Amino acid sequence: MRVRPGKAIFPITPSHAQGMENDVKSFVLGFTAISMMTATAVTAQSLDWRYTDGTAPEHWAKANASYAACDAGKMQSPIDLNQANAIGDIELSTNYGPAKAKLSLGQHKVQIDAAEGQGMVSGDRQFNLIQVHFHTPSEHAIDGKRYPLVAHFVHATDDGTLGVLGVMFEEGEANPGLQAIIDALPQGNKASFDIDLAEMVPEELQVYRYMGSLTTPPCSENVNWHVVEEVLEASPAQIAVMEQALGMSARSIQPANNRLIVAPAD
């Protein structure tokens, strides 16, 4: 696994293991104050749907009839990617890099809206980046395993076709791209900051590819999903902050329903 080097938030040595655990706890407790500052704004736009435990079906259509696709759709996301029924190398490239970003916070929401001019090319289709948001834990699974954090890079073509690139994170070294977002959180909703989006994406993009849906209501289908096989690292403190901000924010695994699911070739 290749991971871009990052500067750890806390020094990690065997002799300081207990100290780091205490530091992480303090860091999370400090972030609780940030969450409370945004609570008033979130209340005004509270969601009319709820996550379960990530395993039990959500039945979101019962909350709102306009969410019918969430319960009745046949191309829903997320899925367990070990159900792949084809193997192939998807032609995919990105042009992520330094950008001006704006923070958007809400219930189960940490999102950055990036300046125009970045995106991905899948096959011969250009997808323009709209925003990047996060879920804890990851929504897609690989061989039944969900990772503690995922970033969803949401794109659209000029004609409005959606394409999402998913990048999962596991505990390890700090990720500098994530740190830029975490550093902006105390500034609250609509904070502007600089970020290098390429720091949150592996250099090599071997992906699982299938057609699915949005993973939150209204669960619109015909989304071009690309989930990166390589898992990046984020520090325990970074993951803890994102968990504190997002809570349980992963939808249950959905049936594959005989869709074409392409796994990367070895």
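Because the model is predicted, local features need pLDDT of at least 70 and side-chain atom pairs count only at pLDDT 80 or more, while totals for chains, interfaces and linings use all residues. Residues are numbered from 1 along each chain as its sequence is written, and side-chain values use heavy atoms, with hydrogens and water left out.

Helices (H or I, at least four residues) and strands (E, at least two) are DSSP runs, numbered from the N terminus. Among the buried residues of α3 are Leu 178, Ile 181 and Ile 182.

How does α3 sit against its neighbour α4? Two packed helices are described by the angle between their axes and the distance between the axes. The axes of α3 and α4 (residues 236-246) come within 11 Å and cross at roughly 45°. These axes are lines fitted to C-alpha atoms, for helices over the stretch in contact, and angles run from 0 to 180 degrees between N-to-C directions. The two helices are therefore oblique to each other (under 35 degrees is roughly parallel, over 145 roughly antiparallel, 65 to 115 roughly perpendicular, and the rest oblique).

Strand β11, residues 221-228, is also mostly covered, with six of its eight residues buried. Two strands pair if DSSP finds at least two bridges between them. Strand β8 (residues 162-171) runs parallel to β11 and is joined to it by four bridges; Gly 163 stands opposite Asn 224 of β11. Strand β10 (residues 207-213) runs antiparallel to β11, with seven bridges, and Arg 209 has His 226 of β11 as its bridge partner.

Finally, ring pairs link Trp 49, Tyr 51 and Trp 60 into a cluster. Rings of Phe, Tyr and Trp (its six-membered ring) pair if their centres lie within 6.5 Å; planes under 30 degrees apart count as stacked, over 60 as edge-to-face and the rest as tilted. The count comes to four aromatic pairs. The ring centres of Tyr 51 and Trp 60 are 6.0 Å apart with planes at 75°, so this pair is edge-to-face. Tyr 51 counts as buried at 12% relative accessibility, and Trp 60 counts as buried at 2%.

Note on methods: Buried means under 20% relative accessible area, exposed over 50%, partly exposed in between (1.4 Å probe, protein chains only).
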